[in-house]
Each structure stands twice: as structure tokens, then as C-alpha cells.
Amino acid sequence: MAEIARIEEAVKDYGPKKIGPITFTVGGGEIVGYLGPNGAGKSTTIRMLLGLIRPTAGTVRLNGLDPLRRHAKALEGVGYSPELPNLQSFLTPRELLRLAARLHGLGSEAIKSEVPMLLERVGLAEYGDYRIAKLSKGMIQRLGIAQAMVASPRLLILDEPTIGIDPAGVVHFRSVFRDFVKSGGTIVMSSHILSEVEQLCTSLAVIHSGRLVFRGGIQEFIVKGLGSRSVSVEVEKVDEALVGVVRAVQGVMQVTATPSGLLVEVSKDSDPRAEISKAIVGSGAKLLAIGYSRSELDDAYVRSIRGDAE
Amino acid sequence: MRPGRILTFARYEMRRAVARKKVLAVVGLTILIDTVPYYALAGAGLSLVPASYHPYLWVVGVFVPQAFFLQFIALLIAAGSMSEEYEQGTAEMLLSKPVGRDEYFFGKFLGGYLLMVLVILLNAVLSVSSATYVFGPQGGLGILPLVLVVQAFCSLVFYSVSFMVGELVRRSSLSYILSSAVFFTSQIVGIYLSVIYSLTGQETFRLASLYLPTSPVDSLPLLLAEPSLPDTVRTLFRLGGIGAVETSAPFSAVLIAAYSISAIAIAVAYFIRADVAKRIT
């Protein structure tokens, strides 16, 4: 997995507030979820990576190059969508994408084919000739993503990419991002929507109070953050006997009945989902669904932030 | 630096400047200033202006705005060029593209400056066409291309200074205020120094006034054009209150270059090192 971005001991000192030192790398093909509370330093890190702000100390490399000294070269093949993008309100989406394409060095023919395709991809084909000033917040967010995807980048850096986008749009963009990675791209995405991160990202970087508190896989983060893991079991009917059957499975620590089934707390070092399924089916109960609880990442995240604060 | 990227930014800057109502208002004002006086004179009766002046009345429209109006337009175009991008948060999107900061800087500088040159051209075209329409065929127009080139060169001073101020303060209203303050202070101090020199005869005051940024800007077009124009025009200049400070054209040219290059150098040095703000509110 070739390294695309590297931040090493990077510090940004704003005077009253200091971000860093932060060290992490991003490899090709990853979808990195970059998490942290407001003001933790996510945008600062991203902006250092893009060469928009100068680190007070440390080094930043994008495509192996210093984005400050060799900005144009380092940012080749990189697309960036800022949080709540401030776009040129006097232009139309079509004009903005043409401008972005020209800044990427695309020729007239490439621009002619790429701009309508991008407008279509982000769901703005009908609004291509409206003034940006007339577009809704969600449409501007879509346009922000479109301008980042101009010239088929290899790395997409997205700061809160789905804020303001309607639920159907969020689902659509999830598939757009997955396709992007399937075709060889890499994404670094900051977000506060943990369910989105959990569904999309392959790894996490968590920052808190200007310090990186975690870098690794999502499961690893959950295991590390939670003392145990929660398995959610959906069954047709819950009774005491079933609770007893599940409690007897090795690795199960606690079983709680819920309206739709069971919430099973298991040891963080084991994965007894298969055994639990087998035991439930063996007892004659009808198993409808089983999986790790969806709120696990939220819980792990909150604990990691709270723990650090303590 | 890649010329293609610079031109892209230049085109973008022209488009951005035109989209601002301020610049459109200025263009509208240029049209009024260059047409209304001629038609007003025509309305009042052509006989009010001696016939010997009629073939040279284009100089009034071309030279009168030089000292104040054209410099103020330069200031208006340049003061918001960088600062408004920071205020609106649009610099971030542009500079996250694979472009050099120098390409962005010089592209924007060039775009705004080209717009300024177009205003100078518009000023000349309207003046000449209005004078021709109202007072008949105009003479001495051979000097006009040189005058336009010199006016464009002169406008570099306040264009560059305002561009620099916009980059340094990164707030458009503050940038307009400070740039205007530099311009008006120079004008006013120049008048005071000239008055004091007239009263005291002390050379120091005259020399000091020559080094003010407004001095070479006001003088250079006249210094170069006057020898090629007939006496009638000189009388017209005196009547219009237009007069070159007693200095030389090379001295004025060097001073204009020095002011412009210094301002550009300071702005570039700051811009290359400074962080690109997310959005200044």
C-alpha cells in the first residue's frame, strides 16, 4: 500500500491554542475517517496537508512532496472539498467546474466531457447554469464534492462532506466514494456522523485537544475503547430459557432482553457471534439477525474522548 | 510559473471584478464623466468654447481624470482583489488546486490590472468620440497611444499599493479605507508642500512633494504629451487646472516603478509565507 500522505510531528501553534504534535500516514486505497470534537484540530491538519497553512514545526508530505514548497506538484491528483464550501457565488456550477478543470490543467476537450459528467454524478445536472448564489446549502455541498473530483484525483480530502445533504444524497455519495476507492482512489474524510464513518471507512484517525489519540482499524478502535463489545441479536420471541442459552456461550459476559431480542455483552478479546447464533438456532428459537451493535463506534468514540479529557 | 494558469486566474479575476457592483458603478461613472460634460457644453451652446479649442477638447476627457478619477478606480479594483477572496473564503478552494501561489498572485494581479487598462481605454474612447461628436474632428490624436500606455503605467502605483494593502490586511473594508487614506494623504500633503514651497521658496518642500506617490502619477502623462501638443492645448490644460510638477519624465518613471515594484514585492513576500485563511468574518 503506497504511502500518499505523511504528517510527522506536525505542530501548528496559534498562540493561545496549539495543535500537535501529530504523526500519521495515509496509504493508497484507504478510506480514513478523521474524527474529533469541534476545535480538536481536524481542519488544521487537513489544511497543513494541503499546504494552505504552514506548520510551526514538523514535516508534511503529500505525494512525497512538501505541499508548501512544491505546492503545484504535490497537489496534482488531489481533490479537496472544504467543510461548508465557500464557492464563487457569481459563477454557475458549470463555470466553477470549468475553472477547477483549467486549474488542474485539463484541455478544452477533456473539460467538455468531464464537466457534464461530474454535474450528473453529484445530482446537479439540472442546476448547471444557475448562479451558485441561488443554490441551496445541500446543492453547494454537492458542488463542493464535484469540484474536488475534477480531473480524476487519486486522493480525495473531504471535510464534513455530507453536511446539509439529504438522506438519499448521503446514500448516493456513499456509493460514489466507494466506487472512487474501488477504482484505485484514496479518501481522507473528517466527519461527525459516526454511522457514516462506520459504513464507509476502512480505518480511523482520532484527534482530541490537538493530539492524535488513535490511528488504526475501526474494530481495533472499538475493542480498545470499550471494555467489552455489544452484540445485538434479533429473535422472533424472547424468553428466560433463551437468555440462559446465550449466557452459557463461552465469552458471553452479560445478556439483557430488549423488545426486539437480546443485547449480549461479550469479552473484547473474543468473537462468539457464530457460537451465539448456533446456540440460539439449536434451542429452537427463530434467529432474525445478529451483529455488533451499531452504537459501538459512538460509545468507543465518546469514551476515548472522555478518557483523554480525564 | 505557468502562463496558462496565470491567464486562467487573470480571466477569473476580471470576471470576479466585473461581478462586483462597485466596479460596474465605476464603469458607469466613467461613462458619465466622459460624456456628460461634452453634451452639457453642447446644450449650453458651442459658442461658449472658443473655436480654436474645438479640435483639442478630447484632451480634457483624457487628462482631467488622470490625477484623481483613474487612480481611484485603480484603488477600487485592487483593494478588494485579495482581501475579498479571504473574506468570502474562496481563496481556500482556489489554492487547494495544483497551482503555485505565485501563479495565483500574479494571475489575480494581471486580471485586475487588465480591467484597469480597459477602463483607461474606455475613458479615452468615450472622450475622443464625445468630443468629435459635439465639437467636430479632433486633432493631435497621434499622441493618444503613448498617453494611454503612460496612463496605464501610472495607474500601477495605486493599483499595486492597494493590492498590497488588501493582501496585508485581508479585510476589504479596511483595505479600501487604508488605500484611500494613502491616496488622499499623498494628494493633500502634496498640496500643502506646494503651498509652503510657494510661500517660503525652500527647495526641501518642493523636493519632498516630488517624492510623493501622487506626484509622478499626475505628472508623467503631461510631461510626455505636452511637447507634442500645440500651444492651444497647453492653455486648455492651464484652464482645466492640469499642470505637471516641475520634474523630469525619467525621474517620474523611475519613481512609479519604484513604488509599484516595492508594493508588489512586499505583497508577494507576505503572501508566499502567510497562511491561507479559511474564511475571515
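Chain B contains 14 helices and 0 strands. This is a predicted model, and in it the elements of chain B, followed from the N terminus, run α-α-α-α-α-α-α-α-α-α-α-α-α-α. The C-alpha atoms of chain B fill a box of roughly 60 × 45 × 30 Å along the principal axes. Of the 281 residues in chain B, 53% are buried. Among the contacts in chain B with a separation of 6 or more, 86% join residues 24 or more positions apart.

We can now turn to the place where the two chains meet. The contact draws on 31 residues from chain A and 30 residues from chain B. About 2800 Å² is buried between the two chains, and carbon and sulfur atoms give 54% of this area. On the side of chain A, Asn86(A), Phe90(A) and Leu103(A) together supply 26% of the area that chain A buries against chain B, more than any other three residues.

Polar and charged groups also take part. Across the interface there are 16 residue pairs in polar contact and 3 salt bridges. In one salt bridge, the side chains of Lys12(A) and Asp275(B) meet at 2.7 Å, N to O. Helices H1 (42-49), H2 (71-74), H3 (93-103) and H5 (137-148) of chain A each give two or more residues to the side that touches chain B. H3(A) gives the most, with 6 residues. By class, this side of chain A has 15 nonpolar, 8 polar and 8 charged residues.

Notes. Residues are numbered from 1 along each chain as its sequence is written. Chains are lettered from A and ligands numbered from 1 in the order in which they are written. This is a predicted model: local features need pLDDT of at least 70, side-chain atom pairs count only at pLDDT 80 or more; totals for chains, interfaces and linings use all residues. Side-chain values use heavy atoms; hydrogens and water are left out. Contact means heavy atoms within 4.5 Å. Buried area is the accessible area (1.4 Å probe) that two parts lose on being put together, summed over both. A salt bridge is a side-chain nitrogen of Lys or Arg within 4 Å of a carboxyl oxygen of Asp or Glu. A polar contact is a pair of N or O atoms within 3.5 Å; within protein, one must be able to donate a hydrogen and the other to accept it, and residues adjacent in sequence count only if both atoms are side-chain atoms. Helices (H or I, at least four residues) and strands (E, at least two) are DSSP runs, numbered from the N terminus. Ala, Val, Leu, Ile, Met, Phe, Trp, Tyr, Cys and Pro count as nonpolar, Asp, Glu, Lys and Arg as charged, and the others, Gly among them, as polar. Buried means under 20% relative accessible area, exposed over 50%, partly exposed in between (1.4 Å probe, protein chains only).
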